[in-house]
Amino acid sequence: MGLFDRIRKAFSSQDDEEKIKQETVDNDEKSMKSEENSSDSDSNVVSEEKTSEDVDQSVDSQEKNSDESEEDNDEILDLNGDNSEFVEEENSNDSSEQNDSLKVEEEVSSDEEERYDKGLEKSRKGFGAMINSLLANFRHVDEDFFEELEETLIEADVGFETAMKISDELRQEVKLRNAKKKNEISDAIIEKLVEIYENEGKEEDNNLHFSSEGPTVFLFVGVNGVGKTTTIGKLAHRYKMEGKKVMLAAADTFRAGAIEQLAEWGRRVGVTVVKKVEKSDPAAVVFDAVKKAKEEDYDILLVDTAGRLQNKVNLMKELEKIARVITREIPDAPHEVLLALDATTGQNALTQAKQFKDVTNVTGIVLTKLDGTAKGGIVLAIRNELHLPVKLVGLGEKMDDLRDFSPEEYVVGLFKGLVTPSK
Ligand SMILES: Nc1nc2c(ncn2[C@@H]2O[C@H](COP(=O)(O)OP(=O)(O)OP(=O)(O)O)[C@@H](O)[C@H]2O)c(=O)[nH]1
Ligand SMILES: [Mg+2]
């Protein structure tokens with residue numbers, strides 16, 4: 001069954017449709033308002049949950065170090081030199097903290113689906129509200145209508161190119177079908193959106209890839225505050241629960257407080273963190289971590305990096321250097337280079353992604369803060385305009401708020417209130 005038919009099927013009762021449309025309208029204003037707030041959300045989930053013994057080390061992870069004069073030293077790394085004071089934390093498996101989190105995890109998994117649905121609720125309703133309000137003003141199909149359609153789609157973050165493509169194709173389609181009624185137009189819009197999304201995704205692989213032998217290495221990249229460190233913490237928790245031996249590498253040696261933020265995640269989840277003092281060479285931290293992961297048979301190594309602005313050439317070079325160090329030690333690694341993008345930043349996220357794609361071999365996207373946006377179209381834009389697979393989605397700030405991404409489920413969810421149900 002095609003995706004569009006699934007969407008129709010998924011929404012077979014007219015009563016439900018009316019209910020959701022009503023909810024959509026009711027919630028529209030609310031979601032838009034809270035979206036504005038969410039983009040200001042601060043980045044100190046870790047420090048909020050510190051135990052008393054950690055208070056002294058408490059980190060304001062908002063505090064960004066503006067000193068960007070760090071040299072890009074491409075000489076042979078001083079791996080054991082005096083300034084590379086090697087520190088590592090082995091966090092025990094059976095701490096009481098870990099047991100507590102195990103209990104929490106059990107409770108949580110029972111309402112797994114409900115939470116997933118809830119995390120995406122805002123984008124679903126927001127997207128629906130935008131299309132609905134376009135159609136509410138609909139009189140007939142003319143140039144004004146197509147212009148409004150383009151604006152609405154851009155506003156919903158589907159991306160400029162996609163918006164234009166849909167509008168152009170729809171002009172033909174409307175003529176062809178002789179569509180005049182509101183529901184015919186609405187169906188045609190959604191059908192086009194789904195069709196383009198499906199066609200663009202034929203080659204896409206949304207699965208994470210693991211090493212067949214030896215440690216698997218995932219490298220996380222992305223600009224400041226998008227959620228790299230949080231995603232690493234969540235993923236460490238996932239693999240730890242699966243019984244894997246997990247290590248984190250604190251290669252964000254640049255931002256004040258970043259090392260401690262990752263170390264705190266390590267303590268909470270109960271996994272090893274390899275770190276050095278602030279301002280050490282990030283590639284040296286990664287070298288130590290990869291070496292230890294190999295020698296001590298770790299299953300997964302997750303590498304945190306500094307949030308860098310896309311126009312900082314030196315920092316980009318540093319990223320290449322990190323990747324080189326990893327590949328030298330484990331030839332088929334990194335197994336994933338995951339670019340974290342903040343879903344609430346819309347077109348900005350696309351621009352960042354295009355620039356990261358140019359300088360590193362990005363293998364997938366982690367779309368964070370999807371719980372905080374009412375514009376679900378970003379998922380369509382990422383596929384249609386970037387051709388990078390979304391592999392993980394962040395649906396909140398907590399340890400278990402990370403999910404694998406299923407494009408079909410997402411799209412069915414996004415559009416299901418918007419098409420005429422099948423009989
Ligand atoms: N609502 C929500 N918040 C998130 C999500 N992922 C991360 N955050 C929050 O976003 C903020 C920034 O997250 P970090 O993980 O510190 O981001 P980062 O990319 O490591 O930032 P830098 O270290 O500065 O480069 C924190 O307050 C997180 O709690 C998510 O999926 N949903
Ligand atoms: Mg970070």
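In which helix does Lys175 lie? Lys175 belongs to helix H7, which covers residues 160–177; helices (H or I, at least four residues) and strands (E, at least two) are DSSP runs, numbered from the N terminus. The structure is a predicted model, in which local features need pLDDT of at least 70 and side-chain atom pairs count only at pLDDT 80 or more, while totals for chains, interfaces and linings use all residues. Residues are numbered from 1 along each chain as its sequence is written, chains are lettered from A and ligands numbered from 1 in the order in which they are written, and side-chain values use heavy atoms, with hydrogens and water left out.

The protein contains 15 helices and nine strands. Of its 423 residues, 54% are buried, where buried means under 20% relative accessible area, exposed over 50% and partly exposed in between (1.4 Å probe, protein chains only). Among contacts (heavy atoms within 4.5 Å) with a separation of 6 or more, 79% join residues 24 or more positions apart.

Lys175 counts as exposed because its relative accessibility is 68%. Its C-alpha lies 9.8 Å from that of Val141, a residue 34 positions away in sequence.

Two other helices form a pair. The axes of H9 (residues 228–241) and H10 (residues 258–269) come within 10 Å and cross at roughly 20°; axes are lines fitted to C-alpha atoms, for helices over the stretch in contact, and angles run from 0 to 180 degrees between N-to-C directions. H9 and H10 are therefore roughly parallel to each other, since angles under 35 degrees count as roughly parallel, over 145 as roughly antiparallel, 65 to 115 as roughly perpendicular and the rest as oblique. Residues in the contact include Ile232 and Ala236 of H9, and Leu262 and Trp265 of H10.

His335 occupies the loop between helix H12 (313–329) and strand S6 (336–342). With a relative accessible area of 11%, His335 is buried. Leaving aside residues up to four places away in sequence, His335 touches several residues, among them His209, Phe218 and Ile330. Its side chain also makes a polar contact with the side chain of Asp332 (3.4 Å). A polar contact is a pair of N or O atoms within 3.5 Å; within protein, one must be able to donate a hydrogen and the other to accept it, and residues adjacent in sequence count only if both atoms are side-chain atoms.

Arg403, in strand S9 (residues 402–404), is buried because its relative accessibility is 8%. The side chain of Arg403 reaches the backbone oxygen of Asp400 at 2.6 Å.
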